[in-house]
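Please look over the model shown here, with attention first to one chain and then to the way in which the two chains meet.

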Amino acid sequence: LFYSFFKTLVGKDVVVELKNDLSICGTLQSVDQYLNINLNDISVTDPNKYPHMMSMKNCFIRGSVVRYVQLPADECDTVELQNAARKEAMQSKSVAATASAAAAGGGGGGGGTGGHGGAH
Amino acid sequence: TLLETMIKQQVSVITADGRVIIGILRGFDNAINLILEDSVERVFSANSPVEAVPLGLYVIRGDNVSLVGELDPEVERRMDLSRLQADPLRPVVT
């Protein structure tokens, strides 16, 4: 779900805050299924504190180190996103329920047929 | 589009423990394991100039990679490391 959401943001300016407290501003170039982010034309929001990136224009950020992705409010319909997320949560809950019911039913059937042989 | 565009270029890798390693990206895979040639670690500290530690050919496991940045060789050449001073980067907190 969020992969599709980020795909709609490609080309927009965002600020990515990482789990090591580094904040990077840039244009979203691409995103992948792990939510790894490619940012173009980056600028560090506090260059004096983090001069390590002075010569860096594009970067690849591993999805697992992202804490936040800050975007302008008009780039995102929060109500629509909430509804979509809720729907997906319900869908995965029902898929999990049917999967565990099938597993329980399969286990019970196997135990029943095993018992018949003992009667002879 | 992924790391493919940065291959054969000089990149700066920020690791999960807050280290900065600079080298030429030779290879990568889906897990972001990296192969870096002629790698050099840049050690920052608040009160002494940047220290460069040469490391040679390195394989960095993807779990440990935070960021891979493409370095502009022009700007790199003009950068004077002896004037750079900064606090070291924080390690990633999960």
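## Chain B on its own

In this predicted model, 40% of the 94 residues of chain B count as buried. The chain contains one helix and five strands, and from the N terminus on these elements follow the order β-β-β-β-β-α. Among the contacts in chain B with a separation of 6 or more, 49% are made by residues 24 or more positions apart.

## Extent of the interface

The size of an interface is often given as the accessible area lost when the parts come together. For chain B and chain A that area is about 2,500 Å², with 60% of it on carbon and sulfur atoms. On the side of chain B, the residues B:Leu67, B:Leu89 and B:Arg90 together supply 21% of the area that this chain buries against chain A, which is more than any other three residues provide. Counted by contacts, 33 residues of chain B touch 26 residues of chain A.

## Polar pairs and the make-up of the chain B side

Nine residue pairs, with both members at pLDDT 80 or more, are in polar contact between chain B and chain A. The elements of chain B that give two or more residues to the side touching chain A are β1 (10-15), β5 (65-71) and α1 (73-78), and β5(B) contributes the largest share, seven residues. Sorted by class, this side of chain B comprises 20 nonpolar, seven polar and six charged residues.

Strand β4 of chain A, residues 56-61, runs antiparallel to β5(B), and five bridges join the two. Within this pairing A:Ile61 stands opposite B:Leu67 of β5(B), and B:Leu67 is also one of the three residues named above for their share of the area that chain B buries against chain A.

## The surroundings of B:Asp72

The rule finds two salt bridges across the interface of chain B and chain A. In one that can be named, the side chains of A:Lys57 and B:Asp72 meet at 3.4 Å, N to O, and the side chains of these residues are also listed as making a polar contact at 3.4 Å.

B:Asp72 lies in the loop between β5 and α1 of chain B. Is this residue buried or exposed? With a relative accessible area of 19%, B:Asp72 counts as buried, because the cut-off for that class is under 20%. Once neighbours within four places in sequence are left aside, B:Asp72 is in contact with A:Ser55 and A:Lys57.

Notes. Residues numbered from 1 in each chain as written. Chains lettered and ligands numbered in written order. Predicted model: local features only at pLDDT ≥ 70, side-chain atom pairs only at ≥ 80, totals over all residues. Heavy atoms only, no water. Contact = heavy atoms within 4.5 Å. Buried area = accessible area lost by both parts, 1.4 Å probe. Salt bridge = Lys/Arg side-chain N within 4 Å of Asp/Glu carboxyl O. Polar contact = N/O pair within 3.5 Å; in protein donor to acceptor, adjacent residues only side chain to side chain. Helix = DSSP H or I, 4+ residues; strand = E, 2+ residues; numbered from the N terminus. Nonpolar A, V, L, I, M, F, W, Y, C, P; charged D, E, K, R; others polar. Pairing = 2+ DSSP bridges. Buried < 20%, exposed > 50% of the residue type's maximum accessible area, 1.4 Å probe, protein only.
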